[in-house]
There are 2 protein chains.
Amino acid sequence: MPMDTLHHVVVIGGGFGGLQLVKDLKGLPVRITLVDRRNHHLFQPLLYQVATTLLATSEIAWPIRRLFRDRTEVTTLLAEVEGVDTAARTVALSGGDTIPYDTLVLATGATHAYFGNDQWAPFAPGLKTLEDATTIRRRMLLAFEQAEREADPAVRDALLTFTIIGAGPTGVELAGIIAELAHATLPPEFRNIDTRKTRVVLVEAGARVLSGFAEPLSDYAYKALEKLGVEVHLGKPVTKCSAAGVMIGEAFIPSRTIVWAAGVQASPAAKWLGVPADRAGRVIVEKDLSAPGFPQVFVIGDTASVLNDDGKPIPGIAPAAKQQGAYVAKVLRARLRQTPAPGSFRYRHQGSLATIGRRSAIIDFGRIQLTGALAWWIWGIAHIYFLIGTRSRFAVAWSWLWIYLSGQHTARLITQKESVEPPFSGQPDP
Amino acid sequence: MPMDTLHHVVVIGGGFGGLQLVKDLKGLPVRITLVDRRNHHLFQPLLYQVATTLLATSEIAWPIRRLFRDRTEVTTLLAEVEGVDTAARTVALSGGDTIPYDTLVLATGATHAYFGNDQWAPFAPGLKTLEDATTIRRRMLLAFEQAEREADPAVRDALLTFTIIGAGPTGVELAGIIAELAHATLPPEFRNIDTRKTRVVLVEAGARVLSGFAEPLSDYAYKALEKLGVEVHLGKPVTKCSAAGVMIGEAFIPSRTIVWAAGVQASPAAKWLGVPADRAGRVIVEKDLSAPGFPQVFVIGDTASVLNDDGKPIPGIAPAAKQQGAYVAKVLRARLRQTPAPGSFRYRHQGSLATIGRRSAIIDFGRIQLTGALAWWIWGIAHIYFLIGTRSRFAVAWSWLWIYLSGQHTARLITQKESVEPPFSGQPDP
């Protein structure tokens, strides 16, 4: 059968869900076009380690087209999607191209959100892309460098205060590593400042850290953070971010470096389709993950709002996206082979993991809960296992082993100057 | 003796010369301030491997302050130098600080130069910093991505034409690796284009490639480049660079990606001191590498113009800078200990090396000349030996071994979007 007459599956997004789907479509009589606006798949669960100098960018990102080089039915395109025409069944790409589809899968992910305070973005970057990670790395390292040259003690203290907003896994992981960097790795390298006096402030509007975990594990993480010297502020919403610092309720914390790890906003897939979305912008999908009214369009991963059997929303984590990608592949397989469709999508939670610093972690398997060094080793092995390719597994294992044995971080580079650096006065804004 | 009364050596620049000097001053009764505008020392001889996706940025760059963390008399500052006041004996830093010195060493290196055609810079980036390398990497990978989506054959051909200007070691190394990437690594990954048809054009105004080497070695390199499929144009100066391509004499080569590997220009040390410079802006130093009229100011590395005993200029390579750093340390040691000064600086040439692609190289030890695979292995081992630190040696050795065995490159990432992307019409400018 010539390629052009084959059923054409267009997949937008090469994240965990999109990749799993394309993998699982192997062997079906389809041609596949995989579109992403980046040339690489990113292993987001370890992105915070790039931001905190533990890993290099290329250790957690892989060119998407390389992953499918042996699948000649898969065409990979680097392009931005501008819209979907559901009547004509085409996707509009930046530059004016349109691609027709028989089946469309939107796996376009989410970005960070400032809850209506987008003006905070320049002062409190989020962590979703490799550039976000190198920006945070650069700002953090520059703050220490500037503090070393700063004569005014108040400004120096603000430079040596790092505030992380949001105590989910990313916020906790960032805070733990920054505290270890400042308190253990950097002290012998500076002459004018004592980096052990660095304040790492973790601010959470909710009542506890890592609220997705069982309460005893949250408590363990809270104590582990305190042991690392992290100041944790719970139940305190941020009311302002500026170049000078963060306002928490009525209190102002002068802080040069702020990281936003608080909210997410889905990509505009709901707008493209003109279908209802939840508060975070996620498409409220049918039980087979298709968009309401469009059985040939599926939405998966962080772009989809899916409720579990217990009525709780499915978490926005890699295993959930992968399961959805695998499920849609099953649905398509049944349709193409004209066999009965699989039952509704059901999410199987395999467990939650989070690390606090370089020696401890928490794992929540539901019945089994683990903390401490053992959990940390399981966490590390699991993450190496889920990386793509032998080379990355060796490289990350080697980086971690080196850091573990030597205490020296791999990638302490200040690169990629920003065109517009936020001004800094050291004083609260008027 | 309290720190403040010690002789204060200020070193500007943490390149090969500056680092060697600071290392060799160990044990002397001095305090040292090492200033660099970057936080990292860069192993420039392998920078082209970052530009061509073979190595990751963190494999060839190290935080300067980490290198001297055990030397408590060394203070490292991240700062830009704005001028030198030779009367007051102070260095002016960006931000308004000044540092007094007893001895000043300027090791500020060189940047690429466009011979009075600075308007070519946006179209033909040079290769001196990590950002330059990721910019070239990004443009090169983007050209393949855009070609995969391009319908117009003329535009596609321009996207698949890579022009390197200057056939010194950097130009030859870039051309060889790009040719191998296009002709061997990428073909199975693209569906709409045949990357084996990629043109890699190497343009040289002079009569031969690698003119710093003996003529038989140049001839070998020329043939090796041809075997890799590189088009070499000799004796042809570039008369124009634009977003559409390169004008060589009267002929126009439509080319989306252009790299400038042709000229160097010293940093403005001569202007800071108000002393004579050669055509490339290098300070014409005394026989002890001090600046004329300022015995307490030394200029070393690519910023200094030094003639060898045979009247030829010393090449701008890492071993020359290191020898100059070591020599100035000896001069300072003699001055501080009031022993006789060492004789004039003499450069000992240890040999020249260059690679062509991933399997062949040329080595010129003067009497002994080597080519081919053996030269390539010697080149590789020498470069790993000269890297800083066990970790980097292992990491680079591992990356190279992986590439050698698998043919897969490490760091094929498109990152760091440019704020202003040069426009591209595919047609020569009017």
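This is a predicted model: local features need pLDDT of at least 70, side-chain atom pairs count only at pLDDT 80 or more; totals for chains, interfaces and linings use all residues.
**Exercise 1. A sheet with a helix packed on it**

Task: Find the order of the strands in the open sheet that contains β24 of chain A, and say which helix packs on that sheet.

Solution: 
- Step 1. The order is β23-β24-β25 (chain A), and the pairing of these three strands is antiparallel.
- Step 2. β23 (352-356) and β25 (369-371) of chain A pair on one side only, which makes them the edge strands.
- Step 3. From one strand to the next, the twist averages 10 degrees.
- Step 4. Take a closer look at β23(A) and β24(A), where β24(A) spans residues 360-364: five bridges hold this antiparallel pair. In one of the facing positions, Ile356(A) stands opposite Ser360(A) of β24(A).
- Step 5. The helix is α7 (residues 215-227) of chain A, which touches β23, β24 and β25 of chain A. The direction of α7 makes about 170 degrees with that of β24(A).

**Exercise 2. One strand, two partners**

Task: In which sense does β21(A) pair with β9(A), and in which sense with β20(A)?

Solution: 
- Step 1. Strand β9 (residues 103-106) and strand β21 (residues 294-299) of chain A pair in the parallel sense, over three bridges. Here Leu106(A) has Val299(A) as its bridge partner in β21(A).
- Step 2. Strand β20 (residues 290-291) of chain A runs antiparallel to β21(A), and two bridges join them. Ser290(A) stands opposite Phe298(A) of β21(A).
- Step 3. Follow the chain through the turn. The hairpin of β20(A) and β21(A) has two residues between the strands, and Gly293(A) takes a positive phi near 90 degrees.

**Exercise 3. Positive phi without glycine**

Task: Phe115(B) and Leu210(B) each have a positive phi. Is each residue buried or exposed?

Solution: 
- Step 1. Recall the background: most residues other than glycine have a negative phi.
- Step 2. Phe115(B) is not a glycine, yet its phi is about 50 degrees. Its place is in the loop between β10 (110-113) and α4 (130-149) of chain B.
- Step 3. Count neighbours. Phe115(B) has 12 other C-beta atoms within 10 Å, and a residue with 12 or fewer counts as exposed, so Phe115(B) is exposed.
- Step 4. Leu210(B), also not a glycine, has a positive phi of about 45 degrees and sits in the loop between β12 (199-204) and α7 (215-227) of chain B.
- Step 5. Leu210(B) has 26 C-beta neighbours inside 10 Å. The cut-off for buried is 20 or more, so Leu210(B) is buried.

**Exercise 4. Two helices crossing**

Task: At what angle do α1 and α9 of chain A pack, and which residues make the contact?

Solution: 
- Step 1. Helix α1 (residues 16-24) and helix α9 (residues 318-337) of chain A pack at about 35 degrees, and their axes lie 7 Å apart.
- Step 2. The crossing of α1(A) and α9(A) is right-handed.
- Step 3. Among the contact residues are Phe16(A), Gly17(A) and Leu21(A) of α1(A), and Ala321(A), Gly325(A) and Val328(A) of α9(A).
- Step 4. Sorted by type, the contact residues are seven nonpolar, five polar and two charged.

**Exercise 5. Where chain A meets chain B**

Task: How many residues of chain A are in contact with chain B, and which element supplies the largest share of them?

Solution: 
- Step 1. 35 residues of chain A touch 35 residues of chain B.
- Step 2. Elements of chain A that each give at least two residues to this side include β5 (74-78), α4 (130-149) and α11 (390-406).
- Step 3. The largest share, six residues, comes from α4(A).
- Step 4. By type, this side of chain A has 13 nonpolar, nine polar and 13 charged residues.

Technical notes: Residues are numbered from 1 along each chain as its sequence is written. Chains are lettered from A and ligands numbered from 1 in the order in which they are written. Two residues are in contact if their C-beta atoms, placed from the backbone, lie within 7 Å. Helices (H or I, at least four residues) and strands (E, at least two) are DSSP runs, numbered from the N terminus. Ala, Val, Leu, Ile, Met, Phe, Trp, Tyr, Cys and Pro count as nonpolar, Asp, Glu, Lys and Arg as charged, and the others, Gly among them, as polar. Axes are lines fitted to C-alpha atoms, for helices over the stretch in contact, and angles run from 0 to 180 degrees between N-to-C directions. A crossing is left-handed if the near helix is turned anticlockwise from the far one by less than a right angle, and right-handed if clockwise. Two strands pair if DSSP finds at least two bridges between them.
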